[in-house]
Amino acid sequence: MPPAPDQTNTIENEFRIVVDAQIVLAMFLTRRDRPKAASPKRQLLNLLAQPTFRWLWTPDIFNDYQRGANAVEADERIIRRAEFDRVGFELLLAALQLEPAVGVSVKTMRDARRRISQAPRAAERDLEDAVYLACAVDGQAQFLVTQDSDLRSLGETYQGVYIVNWNALEVELAKRGLLVMGDRG
């Protein structure tokens, strides 16, 4: 019987990220006045086929994506100005499920919830965001990509995971040769 593959070595060679729902939903919104202009965030879809790229998720994150999509489609103000690509969104969810979900430990989730509860401003204490932190930690992600002020208020890193916005991730992807800057779709 051949030896089991070295999981640590595989993880070290992967670019591992957790993506919050705001980024995901923006990927599938197209302004009605500019239907040909896709979101630059949609470039992440091209990376799913890369063997060294891993988009980490948990069932709770998956459900958050779905709740967010339903909320977007139900928001008349958004839908008046933009179209939501439900088919593309569903294809992303199917593609993500080709890789197993990250198992999050109770301790990691508790620690993440505790950290968020210590945010200086009460408005930044959304404990539901803890699942993104916990997934990033237990999934050994390098980056948590978010526009969420609750998560961004935690600082630049959390337990070794960089908390970055889309622009910072775009720069990092370009440095790693996974994305050409200015490549908008």
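How many residues has helix 7, and what does helix 7 reach from its first C-alpha to its last? Helix 7 (residues 106-117) has twelve residues and reaches 16 Å, close to the 16 Å expected at 1.5 Å a residue. The model is predicted.

**Helix 7 and its cover**

Four residues of helix 7 are buried: T108, D111, A112 and I116. They cover an arc of only 130° around the axis, which puts them on the same side of helix 7. On the other side, V106 and K107 are exposed. The cover over the buried residues includes helix 8 (130-138), helix 9 (149-152) and strand 6.

**The fold**

The protein has ten helices and seven strands. Strand 1 (residues 15-19) and strand 3 run parallel, joined by four bridges. V18 has L56 of strand 3 as its bridge partner.

Of the 185 residues, 41% are buried. Among contacts between residues at least 6 apart in sequence, 66% join residues at least 24 apart. The accessible surface comes to about 10300 Å², and 51% of this belongs to carbon and sulfur atoms.

**Salt bridges**

The structure holds twelve salt bridges. Three of them are listed here.

| Pair | N to O distance |
|---|---|
| E99 and R54 | 3.6 Å |
| D64 and R67 | 3.3 Å |
| D75 and R77 | 3.6 Å |

Which parts does the pair of E99 and R54 tie together? E99 lies in the loop between helix 6 (86-96) and helix 7, and R54 lies in strand 3, so the pair ties together parts that are 45 residues apart in sequence. R54 is buried, at 11% relative accessibility. E99 is partly exposed, at 40%.

D64 and R67 both lie in helix 4 (residues 59-74). They are three residues apart, so about one helical turn separates them. R67 is partly exposed, with a relative accessible area of 47%.

In the pair of D75 and R77, R77 is exposed, at 57% relative accessibility. Elsewhere, salt bridges that share partners join E73, R86 and E90 into one network.

Conventions. Residues numbered from 1 in each chain as written. Predicted model: local features only at pLDDT ≥ 70, side-chain atom pairs only at ≥ 80, totals over all residues. Heavy atoms only, no water. Pairing = 2+ DSSP bridges. Helix = DSSP H or I, 4+ residues; strand = E, 2+ residues; numbered from the N terminus. Buried < 20%, exposed > 50% of the residue type's maximum accessible area, 1.4 Å probe, protein only. Contact = heavy atoms within 4.5 Å. Areas by Shrake-Rupley, 256 points an atom, 1.4 Å probe, with all protein chains shown as cover. Expected span 1.5 Å × (residues − 1). Arc of directions from axis to C-beta. Salt bridge = Lys/Arg side-chain N within 4 Å of Asp/Glu carboxyl O.
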